[in-house]
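Try each task on your own, then follow the worked solution.

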Amino acid sequence: QVQLVESGGGLVQAGGSLRLSCAASRITFRLYAMAWYRQAPGKQRDLVADITTGGSTKYADSVKDRFTISRDNAKNTVYLQMNSLKPEDTAVYYCAADLLRLTTTPGSWGQGTQVTVSS
């Protein structure tokens, strides 16, 4: 069973930065496509960024040029570097994983980490 554990969330002022981490276990990490989603109160869960097994990345328009997703296969960890944070980035951020290719409904999820951006 895949285990994903997020960390790095917190409270930050607008314009600040945070780096989220997601440590994976019980999987051959390099074979998994990884993604970060977020869910704000009263809203649906949205895809923020994803990274393929080969390292290709995609971003939601709302975070392009501010967020960077990366992975370290030696550490079984995926990261989300978030810069120039805005109050509208406030949400619970979730890590997700799918074997080989990300689907619209990933098979594995972390428990989430809260990010709050104050104005």
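Predicted model: local features only at pLDDT ≥ 70, side-chain atom pairs only at ≥ 80, totals over all residues.

**Exercise 1. Work out which residues Thr53 touches beyond its neighbours in sequence.**

Solution. First locate Thr53, in the loop between strand 5 (45-51) and strand 6 (57-59). Thr53 is partly exposed, its relative accessible area being 31%. Now set aside the neighbours within four places in sequence; Thr53 is then in contact with Arg30, Leu31, Tyr32, Ala33, Arg71 and Leu100. Pick Ala33 from that list. Thr53 and Ala33 are 20 residues apart in sequence, yet their C-alpha atoms are 5.2 Å apart in space.

**Exercise 2. Find the disulfide and say which parts of the chain it links.**

Solution. Begin with the sulfur atoms: those of Cys22 and Cys95 are 2.1 Å apart. The cut-off for a disulfide is 2.5 Å, and Cys22 and Cys95 do form one. The count for this protein comes to 1 disulfide. Then trace each end. Cys22 is in strand 3 (residues 18-25) and Cys95 is in strand 9 (residues 91-99), so the pair, 73 residues apart, links distant parts of the chain. For the handedness, read the angle about the S-S bond: it is -80°, and the link of Cys22 and Cys95 is left-handed.

Are the two cysteines buried or exposed? Cys22 has a relative accessible area of 0% and is buried. Cys95 is buried too, with a relative accessible area of 0%.

**Exercise 3. Describe the fold as a whole: how many helices and strands are there, and how compact is the protein?**

Solution. Count the elements: the protein has 0 helices and 11 strands. Reading along the sequence gives the pattern β-β-β-β-β-β-β-β-β-β-β. Now compare sizes. The radius of gyration is 13 Å, close to the 14 Å that the globule rule gives for 119 residues, so the protein is as compact as a globular protein of that length. The C-alpha trace spans about 40 × 25 × 25 Å along its principal axes.

Turn to the contacts: among those between residues at least 6 apart in sequence, 57% join residues at least 24 apart.

**Exercise 4. Sum up the burial, the surface and the charges of the protein.**

Solution. Of the 119 residues, 41% count as buried. The accessible surface comes to about 6300 Å², and 46% of it belongs to carbon and sulfur atoms. As for charges, there are 13 positive and 9 negative side chains. The centres of these two sets lie 4 Å apart.

Technical notes
Residues numbered from 1 in each chain as written. Heavy atoms only, no water. Helix = DSSP H or I, 4+ residues; strand = E, 2+ residues; numbered from the N terminus. Buried < 20%, exposed > 50% of the residue type's maximum accessible area, 1.4 Å probe, protein only. Rg over C-alpha atoms; globule rule 2.2 N^0.38 Å. Contact = heavy atoms within 4.5 Å. Areas by Shrake-Rupley, 256 points an atom, 1.4 Å probe, with all protein chains shown as cover. Lys, Arg positive; Asp, Glu negative; His and termini not counted. Charge placed at Lys NZ, Arg CZ, Asp CG, Glu CD.
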